[in-house]
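Reader: I would like to learn how to read some features of a structure. Please take them in turn, with the general idea and then the case at hand.

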Amino acid sequence: MLNSARGQNLKIPVFRWLAGAAAALGMTLLALPQAGAADVKTVTPGTLTVGMNGDMPMTQYKDGKLSGTDGELMTYVANQLGLKLDVKQMDWAAEIESTKQGKLDVMHGAMGWLKPRTKIMILTEPIYYFGTLLAQKQDKNYTTFADMKGRSVGTVNGFTLVPELKKVDGIGQVKLYDTSDGVMQDLVNGRLDIAILDPPLVQYAAFRHPEWKIKQLPLKPEPDRYPIMSTKYSVIFGVNKNEPELANAINGVIKKIWKECLNVKTMAKYGMGDKAWFIPPVKNPRVGVDRPADYKAPTAGHCF
């Protein structure tokens, strides 16, 4: 949903410069020797068909390589399972539908755990965590749901928070976009007051482009009224519901990722090495849904 004003103030599309910036950060996570072909079912035998939307710093497919905070870890997973990668780029809503329909083995890119998603796909162990943050211009200080009153708030069509966002008391306008690129450009150009995007994306953009004068602040939770936007999310991979063996195999690799601090090292390359990204929610909503009562979410305290 990009309009004709695109590029008038921003000389290049948002994610074109993000792609270049990511390349400048260096090579993707070095893959360890393969553990041998995994005895798991995939859409195409011997291949891991992966969906992503190309929003950096989480995912990017360039020069035949999948990279980004989530993408590098996915590459590592495929290597450990002895599977070739077949990367499909599409918008977020299409990713969900394609995984649901069994056209993808796995989707990823700052994908938060939510109970409704457990009914349409298998959700892996987390690779990091984050809560809802409000992106805004540096001279603003929006931190509450009340701050949305009378203001325009933009996000991506297909994000799970959309129905709840539309119900925020007094909100001025909810503008939905097909891509994060469109949301970011309208925020920078002053056509949005607030944007709600994947926090890694905004933090990376603000770091790389200080002249855009944007920042993001944590949204003060109101769980009784707005439970979805008040949640601290476990960022996971969404696996084809018909491939439980694959999900189990991926979880085994993710356990190794936490043990060896590979997620911490990868996130740090993109400016997100702070301990907060690796602290799980105090009350984990997965317990009793897709995890047992004694479930303990992984942490990276030993990495700092």
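Reader: Then how far does the confidence go: what is the mean pLDDT of the chain?

Author: The mean pLDDT is 88, and 88% of the residues reach 70 or more. Where pLDDT is low, the predicted coordinates should not be read in detail. Here that concerns residues 1–37, over which pLDDT stays under 50. The model has 78 contacts beyond four places in sequence for residues 1–37.

Reader: Next, strands. Which residues of S9 lie on one side and which on the other?

Author: In a regular strand the side chains alternate between the two faces of the sheet. In S9, Ser152, Gly154 and Val156 are on one side, and Val153 and Thr155 are on the other. Both faces are covered.

Reader: Which strands do bridges join to S9?

Author: One is S10, residues 173–177, which runs parallel to S9 and is joined to it by 5 bridges. Within S10, Lys175 is the bridge partner of Gly154. Another is S11, residues 194–195, also parallel to S9, with 2 bridges. There Ile194 is the bridge partner of Val153.

Reader: Now aromatic rings. How many aromatic pairs does a search of the whole structure find?

Author: The search finds 9 aromatic pairs. One of them is formed by Trp92 and Phe159: the ring centres are 6.1 Å apart and the planes stand at 80°, so the pair is edge-to-face. A pair of aromatic rings is described by the distance of the centres and the angle of the planes.

Reader: Which parts of the chain does the pair of Trp92 and Phe159 tie together?

Author: Trp92 lies in helix H3 (residues 92–100), whereas Phe159 is in the loop between S9 and helix H4 (162–166), so the pair ties together parts 67 residues apart in sequence. Both Trp92 and Phe159 are buried.

Reader: And Tyr128, where we began: at what angle do the planes of Tyr128 and Trp277 stand?

Author: The planes of Tyr128 and Trp277 are at 75°, with the ring centres 6.3 Å apart, so this pair is edge-to-face. Tyr128 belongs to strand S7 (residues 128–130) and Trp277 to the segment after helix H8 (262–269), 149 residues apart. Trp277 has 8% relative accessibility and so counts as buried. Ring pairs link Tyr128, Phe130, Tyr233 and Trp277 into a cluster.

Reader: What sits over the ring of Tyr295?

Author: The charged end of Arg291 does, at 5.6 Å from the centre of the ring.

Reader: Finally, helices. Which residues of H8 are buried?

Author: An α-helix has 3.6 residues a turn, so residues three or four places apart point the same way. In H8, Leu262, Asn263, Val264, Thr266 and Met267 are buried. These buried residues pack against helix H2 (69–80), S7 and helix H7 (244–259).

Reader: Thr266 is polar by name; what lies 2.7 Å from a polar atom of the Thr266 side chain?

Author: The backbone oxygen of Leu262 lies at that distance. Thr266 has a relative accessible area of 1%, which means that this residue is buried. Just after H8, Gly271 takes a positive phi of about 80°.

Technical notes
Residues numbered from 1 in each chain as written. Heavy atoms only, no water. pLDDT = per-residue confidence, 0-100. Contact = heavy atoms within 4.5 Å. Buried < 20%, exposed > 50% of the residue type's maximum accessible area, 1.4 Å probe, protein only. Helix = DSSP H or I, 4+ residues; strand = E, 2+ residues; numbered from the N terminus. Pairing = 2+ DSSP bridges. Phe/Tyr/Trp six-rings, centres within 6.5 Å; stacked < 30°, edge-to-face > 60°. Lys NZ or Arg CZ within 6 Å of the ring centre and 35° of its normal. Polar contact = N/O pair within 3.5 Å; in protein donor to acceptor, adjacent residues only side chain to side chain.
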